[in-house]
Amino acid sequence: MNDRTSTLGDPVTDDALTRPFTGASPYDTYVHASVLNSLQHPLTEAPDEMGFLVTSQVMELWFTLIVHEWRTARVAFAKDDLPAALDGLTRSRRALTALNGAWTPIAALTPAQFNGFRAAFGKASGFQSAMYRHMEFLLGDKSAALLRAHRGDPAVHEALAETYREPSLYDEVLAHLHRQGLPVPRHVLERDMTSPYTADPGVTEAWRQIYAGPQHHPHLALGELLTDIAELVTRWRFDHVLVVRRAMGAKPGSAGSAGLAWLEERAARPVFPELWEVRGDV
Ligand code: HEM
């Protein structure tokens, strides 16, 4: 064998790559891969449980990223820094697309496959995900009852209570539009931020002025980006409904809801309602 073949064919002969680390690798120190990869503890031998567990964990991480981007955008709106706000929303749109792709490993579970591990996790349910609740509160879908459910875990509860009390992402969008001269009504800006956001005809009118205006209106791109986000959130909810219908039909949920019927009702809740209503007015 000549030298040329052996050096070209085997990258691990490169000294710089194979020098032993002192302790954990810089990668592990930064990414904490060994921590992440030590968190999978299936409760059964059922072959489908690992996919279910990892999918849930991966989705939790995407929730974390989406919450981070929406908070970044919210701060930028409060400073009327539209380019930074649009950047944050654009990154969140990509994260939402990845989130929705994460259904694939468990999208076709049969009832028998799901039953193989369902009893083992007892009353656990994604319904108890605090990070998903941060997402909903940031969208404006506040709920005192859903916050109260986390009272038993003080750190989680306090973090969620903060998101509950603060203006939502959408509240900051509307305040920004108002400062830019759009007719967002004062009572919307001064509303109780802990109540769930409901559609307001004055806000629809503000969006109508944007949508009926010139195609290069800077806030038209904002409206469309928010509509993309609303659509991707809604798609996540309906994909969830389909996965549930396939895996367990109309059986009751593990957290105690009616299951499918309850989820269908939740999925139909509009995200950024006036951005859908305005389409009938232009
Ligand atoms: C076979 C897969 C799944 C089934 C059969 C299922 C079933 C259900 C059911 C029946 C509910 C209603 C609440 C209850 O009574 O438990 C629910 C809620 C929920 N699930 Fe899943 N789920 C699945 C996968 C996932 C995954 C992978 C996630 C990601 C973390 C997730 C996140 C959620 C969330 C966030 C809710 C609350 C929705 C809301 O409040 O509107 N689910 N799930």
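## A pair within helix α13

R208 is partly exposed, with a relative accessible area of 28%. Partly exposed sits between buried (under 20% relative accessible area) and exposed (over 50%), using a 1.4 Å probe and protein chains only. E205 is also partly exposed, at 29%. R208 and E205 form a salt bridge, with their closest N and O atoms 2.9 Å apart. Here a salt bridge is a side-chain nitrogen of Lys or Arg within 4 Å of a carboxyl oxygen of Asp or Glu. Both residues lie in helix α13, three residues apart, about one turn of the helix.

## Basis of the model

This is a predicted model: local features need pLDDT of at least 70, side-chain atom pairs count only at pLDDT 80 or more, and totals for chains, interfaces and linings use all residues. Residues are numbered from 1 along each chain as its sequence is written, and side-chain values use heavy atoms, leaving out hydrogens and water.

Side chains of opposite charge can pair when their charged atoms come close. E136 pairs with R266 in a salt bridge, the closest N and O atoms being 2.9 Å apart. This pair links distant parts of the chain: E136 is in helix α8 (residues 130-139) and R266 in helix α15 (residues 260-267), 130 residues apart. E136 is buried at 3% relative accessibility. R266 is buried at 16%. A network of salt bridges links R133, E136, R237 and R266.

D171 forms a salt bridge with R191, with 3.0 Å between the closest N and O atoms. That pair also links distant parts of the chain, 20 residues apart: D171 is in helix α11 (residues 169-179), R191 in the loop between α12 (186-189) and α13 (201-212). D171 is buried, at 5% relative accessibility. R191 is buried too, at 14%.

## The chain as a whole

The chain has 16 helices and zero strands. These are DSSP runs numbered from the N terminus: helices (H or I) of at least four residues, strands (E) of at least two. The C-alpha atoms fill a box of roughly 75 × 50 × 35 Å along the principal axes. Of the 282 residues, 40% count as buried. Among contacts (heavy atoms within 4.5 Å) with a separation of 6 or more, 70% join residues 24 or more positions apart.

## Charge totals

The whole structure holds 15 salt bridges. There are 27 positive and 34 negative side chains, and the centres of the two sets lie 4 Å apart. Lys and Arg count as positive, Asp and Glu as negative; His and the chain ends are not counted. Each charge is placed at NZ of Lys, CZ of Arg, CG of Asp or CD of Glu.
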